Amino acid sequence: MADEILSVQWPQGVHLQAFADDFAFVVTENTIEGLRKLSKLVLDKFKEWADKNKLHVSMEKSRYVFLSKFVRGPTIKWKNHSISRRNHLKYLGVTIDHKLSWLPHVI
């Protein structure tokens, strides 16, 4: 089932990584507004695929980390719910922090 979404030709600056039922997008853009728009486009397409396949995305488990020199990041939403921004998150056992220091992972 995941092959369909994994084979999508995403716009430049978008990469989808998946393992089993865990999906992670890496979205890069030069401006905050561009990042917000690109993230919305990506999540709308992902939502369309999830709805088509009757899959539920857990908002309790959905997070994002903002890796940037900008202090303030965009608000990223799934449907009408804001996705929680964190200073670090764990993906497949690896803790990634917003400064890419790897200290939270080592600890």
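Which elements each supply at least two residues of the lining of the second largest pocket? In this predicted model, they are H2 and strand S4 (77-78).

**View 1. Lining of the second largest pocket.** The volume of the second largest pocket is about 160 Å³. Its lining consists of Arg-36, Lys-40, Leu-43, Asp-44, Lys-47, Thr-75, Ile-76, Lys-77, Trp-78 and Lys-79. With five residues, H2 gives the most to this lining. By residue class, the lining of the second largest pocket divides into six charged, three nonpolar and one polar.

**View 2. The largest pocket and its centre.** A volume of about 1,500 Å³ is computed for the largest pocket. Of the 43 residues that line the largest pocket, Phe-23, Ala-24, Phe-25, Arg-63 and Tyr-64 are the closest to its centre. Two or more lining residues come from each of strand S2 (22-27), helix H2 (32-52), strand S3 (63-65) and strand S7 (88-91). H2 provides the largest share of the lining of the largest pocket, namely seven residues. The lining residues of the largest pocket comprise 28 nonpolar, nine polar and six charged.

**View 3. A nonpolar surface patch.** Leu-67, Val-94, Leu-100, Trp-102, Leu-103, Val-106 and Ile-107 make a nonpolar surface patch of about 710 Å². Among them, Leu-103 belongs to helix H3 (residues 103-106).

**View 4. The annotated segment, residues 1-96.** In an unreviewed entry, UniProt lists residues 1-96 as "domain: Reverse transcriptase". Over residues 1-96, the chain is 30% strand and 27% helix. The end C-alpha atoms of this segment lie 28 Å apart.

Definitions and conventions:
Residues are numbered from 1 along each chain as its sequence is written. This is a predicted model: local features need pLDDT of at least 70, side-chain atom pairs count only at pLDDT 80 or more; totals for chains, interfaces and linings use all residues. Side-chain values use heavy atoms; hydrogens and water are left out. Patches are made of residues with over 30% relative accessible area and no salt bridge: like charges are joined within 9 Å, nonpolar side chains (Val, Leu, Ile, Met, Phe, Trp, Tyr) within 5 Å. Accessible areas come from the Shrake-Rupley method with a 1.4 Å probe; for residues, only the protein chains shown count as cover. A salt bridge is a side-chain nitrogen of Lys or Arg within 4 Å of a carboxyl oxygen of Asp or Glu. Helices (H or I, at least four residues) and strands (E, at least two) are DSSP runs, numbered from the N terminus. UniProt positions are given in the numbering used here, feature names are shortened, and annotations may be inferred rather than shown by experiment. On a 1 Å grid over the protein atoms alone, a cavity is a set of points where a 1.4 Å probe fits but cannot get out, and a pocket is an open set with protein on both sides within 12 Å along at least five of seven lines; lining residues have an atom within 4 Å of a point. Grid points are joined across faces, edges and corners, and a volume is the space filled by probe spheres set on the points. Ala, Val, Leu, Ile, Met, Phe, Trp, Tyr, Cys and Pro count as nonpolar, Asp, Glu, Lys and Arg as charged, and the others, Gly among them, as polar.
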